[in-house]
Amino acid sequence: MPKVFFLPHKIILPKGANFFAKKGETILDVALRNNVKLEHACEKSCACSTCHCIVRKGFSSLSGWSEIEDDILDKAWGLESNSRLSCQAVIGNIDIEVEIPLYTVNYVREY
């Protein structure tokens, strides 16, 4: 089973964490199963960018992305070339390292 290492995030996961991924799980599935409060306003329907993450290691082992995901990612804060929507990125057989951006664009919830 591949491991997903979430890098430290000062609000969501101050110390970072390592979790095992099950076959067919997305990055968001792993986060939610392990009580990591990764935002996901559209409930995994690829309609917002709140679950945006940056894959620092293992990017090439993830599932491919669709044109819809690519369009939605354009709206994400802090977009990088190795950004993915965590609700769409299915984990392959290689360990990955994920960074959760400090900010997100959420038009549904205001802080």
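**Getting to know the fold**

Reply: Gladly! Keep in mind that this is a predicted model.

Me: In what order do the elements of the protein run from the N terminus on?

Reply: Let's count the pieces before ordering them. The protein has 2 helices and 5 strands. Read from the N terminus, these elements run β-β-α-β-α-β-β.

Me: What radius of gyration does the protein have, next to that of a compact globule?

Reply: The C-alpha trace spans about 35 × 30 × 25 Å along its principal axes. For 111 residues, a compact globule would have a radius of gyration near 13 Å. The protein agrees with that, because its own value is 13 Å.

Me: Which element gives the most to the largest nonpolar core?

Reply: The largest nonpolar core has 26 residues, and V4, F6, I27, I91 and I96 have the most contacts inside it. At least two residues each come from β1 (3-6), β2 (17-20), α1 (27-33), β3 (52-57), α2 and β5 (96-99). With 4 residues, the element that gives the most to this core is α1.

Me: Which residues is I91 in contact with, leaving aside its neighbours within four places in sequence?

Reply: I91 is one of the residues with the most contacts inside the largest nonpolar core. With those sequence neighbours set aside, its partners are P2, V4, A21, E25, T26, I27, V30, S61, L62 and I96.

Me: How many Å apart in space are E25 and A89?

Reply: In sequence, E25 and A89 are 64 residues apart. They also touch each other. From C-alpha to C-alpha, the separation in space is 8.3 Å.

Me: What about E69: does it count as buried or exposed?

Reply: E69 is found in helix α2 (residues 67-73). Not counting residues up to four places away in sequence, E69 touches C46, R84, L85 and Q88. Its relative accessibility is 1%, so E69 counts as buried.

Me: How far apart are the centres of the positive and negative side chains?

Reply: There are 13 positive and 14 negative side chains in the protein. The centres of these two sets are separated by 10 Å.

Definitions and conventions. Residues numbered from 1 in each chain as written. Predicted model: local features only at pLDDT ≥ 70, side-chain atom pairs only at ≥ 80, totals over all residues. Heavy atoms only, no water. Buried < 20%, exposed > 50% of the residue type's maximum accessible area, 1.4 Å probe, protein only. Contact = heavy atoms within 4.5 Å. Core = buried A, V, L, I, M, F, W, Y, C linked by side-chain atoms within 4.5 Å. Rg over C-alpha atoms; globule rule 2.2 N^0.38 Å. Lys, Arg positive; Asp, Glu negative; His and termini not counted. Charge placed at Lys NZ, Arg CZ, Asp CG, Glu CD.
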